[in-house]
Amino acid sequence: MSLLVNPSHPGDVLQELYLTPLNLSVISLAKRIHVPRTRIERLVKGETALSADTAMRLARFFGTTPEYWMNLQRAWDLARARETIDVSNIKPLAAA
């Protein structure tokens, strides 16, 4: 349940479940999926969001699906939004 409340950034998942166990460097991955090194560096540092383009490339390379990667990003984005966006003053349609 805590993963739903506090999901990992896609870059953390990439580092912890893929790069480190496979002894694969950011530079090597970037070359092999044909993206700039900085894209993967910034993703792993949590400085940037995962794009659909990167999701497709990671899915192809690691044998996963683009949806797997995009769902990680979606969960991360929603968790951050819940922390910062106040919707308490919005009345649901059914209650109006």
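Reader: Why is Thr54 called buried?

Author: Its relative accessible area is 2%. Buried means under 20% relative accessible area, exposed means over 50%, and partly exposed lies in between (1.4 Å probe, protein chains only). The value of 2% is under 20%, so Thr54 counts as buried.

Reader: What kind of model is this, and how are residues numbered?

Author: This is a predicted model, in which local features need pLDDT of at least 70 and side-chain atom pairs count only at pLDDT 80 or more, while totals for chains, interfaces and linings use all residues. Residues are numbered from 1 along each chain as its sequence is written, and side-chain values use heavy atoms, leaving out hydrogens and water.

Reader: Where does Thr54 lie, and what does Thr54 touch?

Author: Thr54 lies in helix H5, residues 52-62. Helices are DSSP runs of H or I with at least four residues, strands are runs of E with at least two, and numbering starts at the N terminus. Leaving aside residues up to four places away in sequence, Thr54 touches Arg39, Ile40 and Leu43. Contact here means heavy atoms within 4.5 Å.

Reader: What makes Asp53 and Arg39 a salt bridge?

Author: First the general idea. Side chains of opposite charge can pair when their charged atoms come close. The term needs a side-chain nitrogen of Lys or Arg within 4 Å of a carboxyl oxygen of Asp or Glu. For Asp53 and Arg39, the closest N and O atoms are 2.6 Å apart. That is within 4 Å, so the pair qualifies. The two ends come from distant parts of the chain: Asp53 is in helix H5 and Arg39 is in helix H4, 14 residues apart.

Reader: Are Asp53 and Arg39 buried, exposed or partly exposed?

Author: Asp53 has 33% relative accessibility and counts as partly exposed. Arg39 has 28% and also counts as partly exposed.

Reader: Which residues are linked with Asp53 in a network of salt bridges?

Author: Arg39, Asp53 and Arg57 form that network. The side chains of Arg57 and Asp53 meet at 2.8 Å, N to O. Arg57 and Asp53 are 4 residues apart in helix H5, which means about one helical turn separates them. Arg57 is partly exposed, at 29%.

Reader: How many salt bridges does the structure hold?

Author: There are 4. One of them joins Glu83 and Arg80, at 3.1 Å, N to O. Both residues lie in helix H6, 3 residues apart, about one turn of the helix.

Reader: Why does Glu83 count as exposed?

Author: Glu83 has 56% relative accessibility. That is over 50%, so Glu83 counts as exposed.

Reader: What makes H4 roughly perpendicular to H5?

Author: Two packed helices are described by the angle between their axes and the distance between the axes. Axes are lines fitted to C-alpha atoms, for helices over the stretch in contact, and angles run from 0 to 180 degrees between N-to-C directions. The axes of H4 and H5 come within 12 Å and cross at roughly 95°. That makes H4 roughly perpendicular to H5. The classes are: under 35 degrees roughly parallel, over 145 roughly antiparallel, 65 to 115 roughly perpendicular, and the rest oblique. At this contact, Arg39, Ile40 and Leu43 in H4 meet Asp53, Thr54 and Arg57 in H5.

Reader: How do you know that H3 and H5 are roughly perpendicular?

Author: H3 and H5 pack at about 95°, with axes 10 Å apart. They are therefore roughly perpendicular to each other. Leu29, Arg32 and Ile33 of H3 make the contact with Arg57, Leu58, Phe61 and Phe62 of H5.

Reader: Why is His9 called buried?

Author: His9 has 3% relative accessibility, so it counts as buried. This residue is found in the loop between helix H1 (2-5) and H2.

Reader: Which residue does the side chain of Tyr18 join in a polar contact?

Author: Tyr18 joins Tyr68, side chain to side chain, at 3.4 Å. Tyr18 lies in helix H2. Its relative accessible area is 14%, so Tyr18 is buried.

Key: Polar contact = N/O pair within 3.5 Å; in protein donor to acceptor, adjacent residues only side chain to side chain.
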